[in-house]
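This briefing is intended for a reader who wishes to relate the sequence to its three-dimensional arrangement. Please consult the display below alongside the notes.

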Amino acid sequence: MVDQQTKTTTVVVENDRTGTSVETLKRAIADNLFYIQGKVPDVATRNDQYMAVAYTVRDRLVHRWLQTTKQFVKNDVRAVCYLSAEFLLGPHLVNNLVNMGMLENCKKAVEALNIDFEMLVNQEEEPGLGNGGLGRLAACYMDSLATLNIPAIGYGIRYEFGIFEQVIKDGWQIEITDKWLHFGNPWEIPRPEHTMEVQLGGHIEGNLDEQGRYRVKWIPARIINGVPYDTPISGYKTTNTNTLRLWKAEAPESFNFKAFNTGDYTGSVQEKMFSENISKVLYPNDEAIQGRQLRLEQQYFFTSCSLQDMIRIHFANGQKLETFHEKFAVQLNDTHPSIGIAELMRILIDVYAMEWDEAWEITHRTFGYTNHTLMPEALERWEYDLFATVLPRHLEIILEINRRFLEEVSEKFPGDEARLKRMSIIDDSGRKFIRMAHLASIGSHAINGVAELHSRLVTVDVLKDFYEMWPEKFGNVTNGVTPRRWMVVSNPELSALISETIGEDWIWDLTQLKRLEPYANDAVFRKKWNHIKQQNKEHLATYIKMHNGVDVDSDSIFDVQVKRMHEYKRQLLNVLYVITLYLQIKDGQAKDVCPRTFIFGGKAAPGYAMAKLSIKLINGVADVVNNDPEIKNKIKVAFLADYCVKLGQQVYPAADLSEQISTAGKEASGTGNMKFAMNGALTIGTLDGANIEIREEVGDENFFLFGLTDPEVKQLKANNYRPLDFYESNEMLRRVIDKIADGTFSDGSRQTFAPIIDTLLNRDEWMLLADYQHYVDAQAKVSAAYKHRDEWTKMSILNVARMGKFSSDRAIKEYCEDIWDVKPLKVVVEDIDPVAAVCALY
């Protein structure tokens with residue numbers, strides 16, 4: 001810029017920590033490689049290069065983050081605190097670059113430094129902080145909270161080794177350690193100055209205080225330190241940046257010098273080992289009592305740390321404890337953090353000497369509870385004796401909450417003893433248990449399900465008594481997913497086509513996708529759409545060849561079921577159809593079959609034998625089908641090991657058919673169904689979870705429906721469902737099951753899959769045999785539809801165009817309006833040092 005009077009030129013020089021031009025990014029990357037990684041380009045490894053770029057992006061993120069925090073404090077905002085045992089974030093680099101509008105400049109800067117950008121993307125380790133839909137939902141919500149400028153903190157555990165890395169050996173799942181932190185994590189910032197103490201075990205002592213009031217002192221057996229690690233969470237095209245705070249467990253004294261000097265080397269680090277176990281692994285195997293105790297300790301650990309942290313922040317902002325609920329809306333993401341209700345009561349009463357009624361009013365107005373399951377066995381219960389050992393003071397508080405609550409129930413429903421037993425937090429029908437969903441329901445001011453069907457079933461089944469007690473507490477917020485991660489990052493070519501056609505507003509207002517509908521009838525647009533889908537399929541085919549050694553036809557139907565392995569999700573039903581199609585081809589009944597590639601993926605809990613056996617069966621079927629010369633390329637089967645967000649970003653864009661086939665009334669919502677549909681896959685599914693709402697939005701004609709409804713499932717079970725009737729009356733089904741039983745898919749062993757055969761023929765709790773023929777018929781409709789590729793592409797376009805409802809942005813807006821009463825605050829970021837960034841040249 002030239003001043004005409006003085007004839008001087010003023011050059012604005014970007015700050016190397018905050019600038020986003022290509023030249024500034026190049027300098028910053030080189031500086032970080034040299035000063036943080038301690039390397040020169042000639043000897044830098046791929047990881048050094050990735051870390052240098054990550055730190056460069058983080059610098060810009062931290063600038064926004066600190067300004068956001070400053071302005072939230074200055075404006076005295078009410079904040080959302082999202083408590084979740086999982087945050088399945090996925091890789092950070094590209095997601096942050098997209099949100100911050102830096103992707104293209106960063107690519108250019110990296111390439112100018114002779115670094116392969118795709119190599120950097122592949123180098124990033126995925127954070128091992130979650131497993132399934134619960135953790136991915138939490139991550140989507142954190143993205144939307146930032147995008148919508150909602151003040152928020154996510155709280156969870158910094159798992160050192162995640163859940164596990166899945167490898168497949170001889171068809172079986174093998175769990176190995178997920179060392180996602182072995183090269184460090186450039187996105188997190190430790191905050192040891194905010195370490196919290198957490199007490200466990202011990203006993204309680206009662207006494208009278210100076211005013212003669214009864215007070216309790218908890219004498220713990222152990223104390224664990226919780227050290228916070230903060231990750232800034234960016235929003236799309238906003239400077240607002242929220243905080244994900246994860247807690248690492250440490251021992252107050254990590255090394256016993258005295259024990260070491262006496263030769264007790266193991267004993268010298270024993271306290272460190274026991275303490276740090278709490279944040280080692282997500283969902284430790286709970287078959288043994290030690291595993292269950294560790295899970296309870298984990299849940300209390302992060303919940304206690306988080307509530308203490310909120311109170312610390314509250315006091316630091318000059319607030320009084322009596323207004324805690326006015327400044328924090330705490331959401332319980334399922335029952336894992338529900339111990340927080342008793343913990344907040346303990347802190348208010350024992351630490352700050354608050355009277356019970358006032359403490360309860362604050363607690364009740366602070367918490368909201370999201371229920372994520374319809375299965376009673378999935379609603380957490382803790383053995384009474386175990387709970388008393390780990391959290392003796394909390395047991396006392398829960399017993400008092402329960403006593404007062406049951407008095408309320410008695411007043412509203414006098415003489416109904418059966419209701420009192422059903423609603424009590426303490427289940428004493430046999431061995432005594434603590435019902436955590438009951439505690440969450442009693443202690444929260446709002447309870448929501450995560451799909452319309454699920455929320456209705458919660459009120460008529462799982463929490464029916466609580467709904468009758470407090471109908472005003474209950475509501476629905478259908479789940480959603482972020483289009484930034486699951487479209488813009490995962491499917492950049494399709495996203496670019498959409499933006500070229502209707503503009504970019506859809507990225508933060510997904511309802512704008514509706515404007516794509518007319519283009520379903522545009523032949524040129526369909527051709528472009530189909531070309532992108534084909535490219536995505538070819539990329540996934542390359543991955544399958546590299547990792548599974550299987551050549552798949554990218555022109556075949558990519559029929560995909562990727563999700564956590566569980567019997568109610570019915571991966572086995574899918575396998576039954578694969579075998580059916582295999583036998584039909586062998587019989588010559590399917591000469592004109594539409595070629596298919598069946599793609600599976602998902603982890604089974606280490607202690608879940610039936611889920612692990614299902615993986616073995618999938619791989620056994622794959623071995624037979626893929627190597628049968630009669631089949632050629634008509635069917636291929638691939639199980640993708642170690643399914644995760646990074647792999648999902650390749651799978652969703654490549655799918656033609658999305659398998660959402662859970663038993664009706666069992667899936668709370670599902671979010672994979674949304675990700676597939678947003679990327680143009682058509683759905684075959686039951687009337688379960690969010691499938692119902694997806695079908696309503698995309699249209700019956702663009703959804704392959706099959707299966708019993710929830711009332712029909714219940715009716716069939718009430719009529720003494722006998723799976724053998726279906727086996728005996730359906731010749732093809734009988735042949736399929738017999739093939740599994742006779743060792744065809746297990747190298748001749750009849751014992752390997754005997755538990756599956758026994759389950760299917762004698763119990764079939766998940767109604768696979770009852771739904772089998774309807775499923776096969778629906779699959780025939782899929783094959784017929786796919787043969788008309790142009791019509792299929794139209795259906796694909798309409799699926800995407802009608803997915804506007806399923807953005808996590810919409811869900812977060814509903815939470816803010818209906819449950820949290822939290823308002824957005826748009827942050828304006830100030831430059832770090834504007835004076836130093838300007839110089840005059842003569």
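The notes that follow are grouped by topic.

The model is predicted. Two regions of parallel strand pairing are treated: one involves E13 and E14, which are joined by 4 bridges, and the other is an open sheet of 6 strands.

- Strand E3 (residues 79–83) pairs with E13 in the parallel sense, over 5 bridges. Within this pairing, Ala 79 has Phe 328 in E13 as its bridge partner.
- E13 and E14 also run parallel, joined by 4 bridges. Gln 331 has Gly 368 of E14 as its bridge partner, and Leu 332 is partnered by Tyr 369 of E14.
- On to strand E18 (residues 446–449), E14 forms 3 bridges, again with the two strands running parallel. Here Gly 368 takes Ala 446 of E18 as its bridge partner.

**Helix H13 and its surroundings**

- Helix H13 spans residues 356–366, and its buried residues include Trp 356, Ala 359, Ile 362, Thr 363 and Thr 366. Viewed down the helix axis, the buried residues of H13 fall within an arc of 135°, so they line one face of the helix.
- An α-helix has 3.6 residues a turn, so residues three or four places apart point the same way.
- Which elements cover the buried residues of H13? Among them are the strands E13 (328–333) and E14 (367–370), together with the helices H11 (324–327), H12 (340–351), H15 (392–412) and H17 (436–443).

**The open sheet of 6 strands**

- The strand order is E22-E21-E20-E23-E24-E25, and the pairing is parallel. The edge strands, E22 (635–640) and E25 (703–705), each pair on one side only. From one strand to the next, the twist averages 20°.
- Strand E20 (residues 557–562) pairs with strand E21 (residues 596–601) in the parallel sense over 6 bridges. In this pair, Ile 557 stands opposite Arg 596 of E21.
- Helix H22 (residues 523–548) packs on the sheet and touches E20, E21 and E22. The direction of H22 makes about 70° with that of E22.
- Helix H33 (residues 789–801) also packs on the sheet, where it touches strand E23 (657–660), strand E24 (682–685) and E25. The direction of H33 makes about 85° with that of E24.

**Buried polar residues in helices**

- Asn 691 lies in helix H27 (residues 691–698) and is buried, with a relative accessible area of 3%. The side chains of Asn 691 and Asn 673 are joined by a polar contact of 3.1 Å.
- With residues up to four places away in sequence left out, Asn 691 touches Gln 660, Asn 673, Gly 685, Thr 686 and Phe 703.
- Asp 771 belongs to helix H32 (residues 768–786). Asp 771 is buried, at a relative accessible area of 2%.
- On the basis that excludes residues up to four places away in sequence, Asp 771 touches Arg 570, Phe 706, Gly 707 and Leu 708.

**Cysteines**

- How many disulfides does a search of the whole structure find? The search finds 0 disulfides.
- Cys 81 is in no disulfide, and the nearest cysteine sulfur, that of Cys 816, is 13 Å away. Cys 81 counts as buried because its relative accessibility is 0%.
- Cys 644 is also in no disulfide; its nearest cysteine sulfur belongs to Cys 140 and is 15 Å away. Cys 644 counts as partly exposed because its relative accessibility is 22%.

Note on methods:
Residues are numbered from 1 along each chain as its sequence is written. This is a predicted model: local features need pLDDT of at least 70, side-chain atom pairs count only at pLDDT 80 or more; totals for chains, interfaces and linings use all residues. Side-chain values use heavy atoms; hydrogens and water are left out. Buried means under 20% relative accessible area, exposed over 50%, partly exposed in between (1.4 Å probe, protein chains only). The arc is that of the directions from the helix axis to the C-beta atoms. Contact means heavy atoms within 4.5 Å. A disulfide is a pair of cysteine sulfur atoms within 2.5 Å. A polar contact is a pair of N or O atoms within 3.5 Å; within protein, one must be able to donate a hydrogen and the other to accept it, and residues adjacent in sequence count only if both atoms are side-chain atoms. Two strands pair if DSSP finds at least two bridges between them. Axes are lines fitted to C-alpha atoms, for helices over the stretch in contact, and angles run from 0 to 180 degrees between N-to-C directions.
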